[in-house]
Amino acid sequence: AFVAAGDPLTVPELINTLWVQRVDLELIFDHEARRTYPVRNLLCGSATIETDTGLAAQSTPTQEGA
């Protein structure tokens, strides 16, 4: 996804012994990949999930049939 664009910067560039004007423009994009992994035959367990922002969620162990 497009996030932001910087200010255009006009700079000269030498191409085949001829100076031409070039405009440099900084573009910022963001990419997020989401993946889902199905888990089959999970009977019990505990887990801790940590995000890049530092938030954490911890689950308590469960028993089968509980």
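1. A salt bridge (a side-chain nitrogen of Lys or Arg within 4 Å of a carboxyl oxygen of Asp or Glu) links the side chains of Glu13 and Arg22, at 3.4 Å from N to O. Glu13 is partly exposed, at 28% relative accessible area; buried means under 20%, exposed over 50%, and partly exposed in between, with a 1.4 Å probe and protein chains only.

2. This is a predicted model, in which local features need pLDDT of at least 70 and side-chain atom pairs count only at pLDDT 80 or more, while totals for chains, interfaces and linings use all residues. Residues are numbered from 1 along each chain as its sequence is written, and side-chain values use heavy atoms, without hydrogens and water.

3. Arg22 also meets Asp24 in a salt bridge, at 2.8 Å from N to O. Arg22 is partly exposed, with a relative accessible area of 31%, and Asp24 is partly exposed, with 31%.

4. The structure holds three salt bridges. One of them joins Arg34 to Glu32, with the closest N and O atoms 2.7 Å apart. Arg34 is exposed at 73% relative accessibility, and Glu32 is exposed at 56%. Through shared partners, salt bridges join Glu13, Arg22 and Asp24 into one network.

5. Which residue has a phi near 50°? Asn16 does, a positive value in a residue other than glycine. Asn16 is exposed, at 72% relative accessibility. Thr17 has a positive phi near 60° and is exposed, with a relative accessible area of 76%.
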